[in-house]
Amino acid sequence: MDDDDRSTEYDGTRVLEFFTERAAGWDARFPDDGPAYDAAVAELGLFPGDTVLDAGCGTGRALPALRAAVGRQGTVVGVDLTPAMLEVAVLAGRHRGALLTVADAARLPLRDGVLDAVFAAGLVSHLPDPAAGLRELARVVRPGGRLALFHPVGRAALAARHGRPLGPDDPRAEPNLRPLLAAAGWRLVSCADEEHRYFALAVRD
């Protein structure tokens with residue numbers, strides 16, 4: 001679930017249908033995003049041996065970089081609501097060295113505090129309740145762990161791509177995101193909203 005389209009405003013069935021229909025051609029729609037994913041994973045600041053979740057991993061474009069960052073002693077988990085997206089990840093060979101499972105990022109099948117970090121590309125606007133979803137991500141991350149919210153283009157460029165104005169209620173806008181994260185148990189460290197990337201880094205309190 002690594003692109004954002006407000007036509008898919010969250011309903012589990014609608015999101016599943018939307019991404020299932022597009023899974024086979026998803027990577028072809030965004031063929032040049034690989035370096036942006038690699039750079040975002042590097043900014044997350046993982047260490048060898050870490051356990052990291054790719055929440056809403058889609059076709060797994062971040063998985064190879066996550067695996068390289070945590071090394072053989074680390075663990076990479078990828079969850080996505082759409083089985084067809086995970087099937088594309090497997091066909092592309094991105095599943096190697098990762099544990100993939102069909103799951104809702106808002107209801108994770110993980111124990112409390114088991115993760116060192118979460119990488120989430122294009123996830124927040126697909127959550128039915130962003131505050132509750134961010135609390136769920138906080139639940140599974142240890143104190144001091146990290147969260148990266150990422151998109152390979154900024155909010156304004158993404159809104160233009162979909163032919164809509166940039167609304168003031170966007171949860172990814174820093175004035176909205178900071179209190180949203182704080183209420184969920186996160187502390188926003190940085191937020192970059194540029195033409196060619198969106199990247200927010202938070203630490204688990």
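Is Arg-146 buried or exposed, and what is its relative accessible area? In this predicted model, Arg-146 is buried, with a relative accessible area of 11%, where buried means under 20%, exposed over 50% and partly exposed in between, using a 1.4 Å probe and protein chains only. The model is a prediction, so local features need pLDDT of at least 70 and side-chain atom pairs count only at pLDDT 80 or more, while totals for chains, interfaces and linings use all residues. Residues are numbered from 1 along each chain as its sequence is written, and side-chain values use heavy atoms, with hydrogens and water left out.

Arg-146 is found in strand β5; strands are DSSP runs of E with at least two residues, helices are runs of H or I with at least four, and both are numbered from the N terminus. The side chain of Arg-146 reaches the backbone oxygen of Leu-44 at 2.9 Å. Arg-146 also meets Asp-50, side chain to side chain, in a polar contact of 3.3 Å. A polar contact is a pair of N or O atoms within 3.5 Å; within protein, one must be able to donate a hydrogen and the other to accept it, and residues adjacent in sequence count only if both atoms are side-chain atoms.

Strand β5 (141-151) is also one of the elements that the buried residues of helix α6 pack against, and the others include β4 (115-121) and α8 (174-184). Helix α6 spans residues 130-139, and its buried residues are Ala-131, Gly-133, Leu-134, Glu-136, Leu-137 and Ala-138. At the start of α6, a side-chain oxygen of Asp-129 comes to within 3.1 Å of the backbone nitrogen of Ala-131.

How do the two helices meet? The axes of α6 and α8 lie 8 Å apart, at an angle of about 50 degrees. The contact, meaning heavy atoms within 4.5 Å, is made by Pro-130, Ala-131, Leu-134, Arg-135 and Ala-138 of α6 together with Leu-180, Leu-181, Ala-183 and Ala-184 of α8. These residues divide into eight nonpolar, no polar and one charged.

Helix α8 also holds Leu-177, which counts as buried at 0% relative accessibility. Leaving aside residues up to four places away in sequence, Leu-177 touches Leu-149, Pro-171, Arg-172, Leu-188, Cys-191, Tyr-198 and Ala-200.

How values were computed
Axes fitted to C-alpha atoms, helices over the stretch in contact; angles between N-to-C directions. Nonpolar A, V, L, I, M, F, W, Y, C, P; charged D, E, K, R; others polar.
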